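Keep the 3D view open as you read.

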Amino acid sequence: MTELTPEQLQALARARAGVQTKQLQNPTPQLPSGRHLTYEEGLAALKTEGLYGQALTGLSGVVDGIPIAGPYLLEGVKKAAAHLRPLIHGGAYEDQLRVVNARDREAKIAHPNVNTIGQVAGAVGGTIPAVVAAPELFGAGGGSMVARSLVSGLTGSGIGAADAHVRSAGDPEKTRRGAIEGGLLGLAGPLAGEVIGAGVKASAQGAKALTRALLGEEVASKPARDILADLTRDARNWLAKNVSDADKLAANRDRFDKLGSEAMPADVSPEWRGAAKSGAVRESTRNKVVGPLNERGSLAGSRLKSDFETSLGPDPVPSMIDSDLKASQAQVNSQYRPAVVEQPPYDFTPIAEHLDRLIPYRRGSEQTDLLNVRNMLNDFGKDTVSSDSAIAYETRRAIDRILTTAKDPEVIETLGGVRGMIDERLARSAPGVKELDAQFGELGRQREGLLQGQSVLADGPRAMRPAELQEKLVAGAEPQGMLIGPSAESTRIRQGALGEIYRAAGTEGGDINALLKIIRGKGDWNGEKLGMMFGPEKADASLNALDREALFANTKNGVTGAADTAGEAGFEQYLGKVSKPQEVPTEKSWTDLGLTTARRLARSFLEANASAHAARVADEVAPLSVLRGEQRDALMEALMRLGRDHIVDQQRMALINAFVQGGGRAAYPLLSNEKNK
């Protein structure tokens, strides 16, 4: 842009004075409303001192006010208008360009205030995107107020210098003044944003309090003090940017509802886990982070026991059940002799004759066993077959003892047949024996089911298939012999399996991986078998409890291990940035402005308390990652508010900062006493 000569400036001043005098003598008439303009009124409106002139200079000011690029954009707009005018009015492009420039100058002289407002609006509007894109460079990031103001001041100085350089065609003096003005406005931007923003927030809170009072509500009924209220700006800034997103918080709350009151933020979010990890490696926060994790881990067995009691039932203690069953068998066994003594005589000769036919053709131990059984059927000391049911009963018992040690299949088959013949005749000679047999057999089935249940969840090559368990459960409910009603064998299978689950929880509660291997197993079989025994919902609830404790253990191990995801490493990286002074831009063009020394001083100042500040941020954020129960829920509520407030604050800060820096740069040189400097 060419510098005007003194003569040209005087001519412009006289023209401006003439226009103002004319405006005073012939003020612009008020345009009538409610109807179309007349032809004369339309011509008057199109003159530069009318509405057309106001719109022209306002639009020109908005475009020209954009920092650095404004003059280039305005020149482009003028050239575009000059290209269009020959199509409407005729004439050469150069002539129309002179007309466009002349009308622009006339409009600015006629409406200086409108032009100033337009330039301020353009400067603010042009600065807002830059503040939003790089808030740290404009003091809207983390750090202390002094640090942010210094960085903002240096950024503002750079923009001011560049803008003045463009508008003055490289004039060194004006470039220097632009750098100084921009730096001062940049220094004021963060402070203005804080002060004005705080004022706006205070006004809003005051309005709410007044509303409550007018509605008859007590001011003291306002919500309790926010759990995040005393945190530093950098701590709140990290929370707002990383863990206060509404969608993330909703997802975290869903996870908390499933995991229960013992769940921590570090369990459901890699960002929170990273914060806990950073706290665990620092002396000042190690106990605050690792302590709650260790405490929770030590109670894993107790929590699982409580969950199993709720979903599967109380601990049945298989050894105690087996002792009771064994005692019941002994009681039943004691009733046999009274049941067979003094019964009417019964003919057991067919059994003896059957043995007499078999014995001559058997050899070895089989012949010996058959011969012994044959002699047992005789009356004591005689060679005659006894008709006493008690003798037959005792012979059956002796056969049972032989069968418990017999290994030869033929012996077992032969003796089993003889026992069946004796059993058949005992049922006729002493009917009470079969009832006792049914009771004793049922108790034996229950003991066997209890033992089988303890290996139902066993893994390995001999693992029971779900189909095999289903068959056992069905068969185990069917009565045998003279028993009336379903058998309890299936119930004992469930109790045996449940007892094994409780045993594992008691002995392996501190090793969740071992517990998972015992109960869940490697594949899907154990899950199916648990569903068969206790129902799908109860089985899922118990397995979910195991998965929950596995997650808790994984959190504890992860916090003390190395970062393995970008999300977990994010907080440590953030602390690294906080612990270092913010980088001061070092563009070469600034060197000519004498800012090298200022940069060194600024960096030295920023380094003073950076490490201590980072430590405080870690001290504030890390313990939040391991909150549980009501404190955790209060944190989630506070984060919801923080997220909403952060968005509003960022928008408010960006607008205020842009208005101070952009608007200040545009308005300062347009003041009446700065026009000709």
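First, some ground rules. This is a predicted model, where local features need pLDDT of at least 70 and side-chain atom pairs count only at pLDDT 80 or more, while totals for chains, interfaces and linings use all residues. Residues are numbered from 1 along each chain as its sequence is written, and side-chain values use heavy atoms, with hydrogens and water left out.

The chain has 31 helices and zero strands; both are DSSP runs numbered from the N terminus, with helices being H or I of at least four residues and strands E of at least two. Of the 677 residues, 40% are buried, where buried means under 20% relative accessible area, exposed over 50%, and partly exposed in between (1.4 Å probe, protein chains only). If you take the contacts (heavy atoms within 4.5 Å) between residues at least 6 apart in sequence, 75% join residues at least 24 apart.

Now for the inside. In soluble globular proteins, nonpolar side chains tend to be buried together. Here the largest nonpolar core has 30 residues, and L355, V373, L415, V418 and I422 have the most contacts inside it. A core in this sense is a set of buried Ala, Val, Leu, Ile, Met, Phe, Trp, Tyr and Cys residues joined through side-chain atoms within 4.5 Å. Elements giving two or more residues to this core include α17 (349-358), α18 (364-376) and α20 (409-429). Pick out L355 and, leaving aside neighbours within four places in sequence, you'll find L370, V373, R374, L377 and V418 in contact with it.

A second, separate core has 27 residues, among them A497, Y502, A504 and L530. L530 also turns up in helix α25 (residues 525-534), where N526, K529, G531, M533 and F534 are buried along with it. The cover over the buried residues of α25 includes α22 (466-476), α23 (489-508), α24 (512-519) and α26 (536-559). Just after α25, G535 takes a positive phi of about 100°.

A276, G279 and A280 of α12 meet R286, V289 and V290 of α13.

Further along α13 sits R296. Not counting residues up to four places away in sequence, R296 touches E262, A263, M264, D267, R303, F552, T555 and R628.

S244, in the loop between α9 (233-242) and α10 (246-259), also counts as buried, because its relative accessibility is 5%. The C-alpha atoms of S244 and M636 are separated by 8.4 Å, though the two residues are 392 residues apart along the chain.

Finally, check two loops. V317, between α14 (300-311) and α15, has a positive phi of about 55° although it is not a glycine, and at 27% relative accessibility V317 counts as partly exposed. E342, between α16 and α17, has a positive phi of about 60° and is not a glycine either; E342 is exposed, with a relative accessible area of 77%.
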